[in-house]
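Dear colleague,

I am passing on the model below.

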Amino acid sequence: MTKKISALWTDVELEAAVDAYLSMREMENDGRPFKKTEMGLKLREGALSARSKSAIELRMQNISSVLVELGQNRIKGYVPAKNVGANVSKKIQEMLNDKGIFKVPGEGATASNTSIGQELEASTADNLAAPLGIKHPKHSNSTVITFFRDDKVREWVLMHANGTCEGCGKVGPFLGVDGRPFLEVHHVLPLAMAGSDRIENVAALCPNCHRRCHLAADKKAFTESLYVRVKRLKEECLDLVVD
Ligand SMILES: [Zn+2]
Ligand SMILES: [Zn+2]
């Protein structure tokens, strides 16, 4: 092997690794099957085409290392690797922060399932001091990975729903600029987890149901209920992805 080890990872590459890691972590937390090798292949076909399999593996272990330092849980299959440069470590941490993953106060160097959510739960309205906030929030120029979607799929699903949310059966809460009751399209298995952009994986949801899929405490159960409710939908998982 004479392949040259290219020096620095770009922010785009690093973020692609972080995103893939977090997708897999969520699947592991949810007890959904996933394959590291499949995800590795996807990455090498995409944003990380310049990186070797072992370089990606090591990067994932670096991310584990940063997560453990933050007191967060990590993917079991990626043992933390300490040989991560301070600069890379800092960047990974910033990216995690941007994605809402912060250091768990009082935790460090030991894996923990404590989350910010539980932290907030523990505090009561009385001792919640008003946060100072940020007067001039910083912005980053990092590139966001965009998936190319099929507009026809989006339009078909919206037409088929005909203004009625496929999650709760209610009419969209207000009229959109196109004059139709407003609904959003949702990829039931996210594109980032190799979900397809086909009508079998896309649902038309009101904003409440859509947010519920992404952020609710019962998001997993609610997502499961979509597969039952909407006959068109078919459960996809990483193991079934062949292309
Ligand atoms: Zn709804
Ligand atoms: Zn969505």
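This is a predicted model: local features need pLDDT of at least 70, side-chain atom pairs count only at pLDDT 80 or more; totals for chains, interfaces and linings use all residues.

Residues are numbered from 1 along each chain as its sequence is written, chains are lettered from A and ligands numbered from 1 in the order in which they are written, and side-chain values use heavy atoms, with hydrogens and water left out.

Zinc ion (ligand 1)
The protein donors here are Cys-165, Cys-168, Cys-206 and Cys-209, each through SG, at 2.3 to 2.4 Å. Donors are N, O and S atoms within 2.8 Å of the metal (3.2 Å for Na, K and Ca). Their spacing along the sequence is C-x2-C-x37-C-x2-C. The arrangement is tetrahedral because the four donor atoms subtend angles of 107 to 115°; the term requires four donors with all angles between 85 and 135 degrees. Cys-165 is buried, at 2% relative accessible area, whereas Cys-168 is partly exposed, at 32%. Buried means under 20%, exposed over 50%, and partly exposed in between (1.4 Å probe, protein chains only).

Zinc ion (ligand 2)
His-186 (ND1), His-210 (NE2) and His-214 (NE2) coordinate this ion at 2.1 Å, with the spacing H-x23-H-x3-H. Water is not among the atoms, so sites may look incomplete. His-210 and His-214 lie about one helical turn apart, because they are four residues apart in helix H7 (residues 207-215); helices are DSSP runs of H or I, at least four residues, numbered from the N terminus. His-210 is buried at 10% relative accessibility, while His-214 is partly exposed at 36%.

Regards

Definitions and conventions:
Helices (H or I, at least four residues) and strands (E, at least two) are DSSP runs, numbered from the N terminus. Four donors count as tetrahedral if all angles lie between 85 and 135 degrees; four count as square planar and six as octahedral if opposite donors are over 155 degrees apart and all others between 65 and 115; anything else is irregular.
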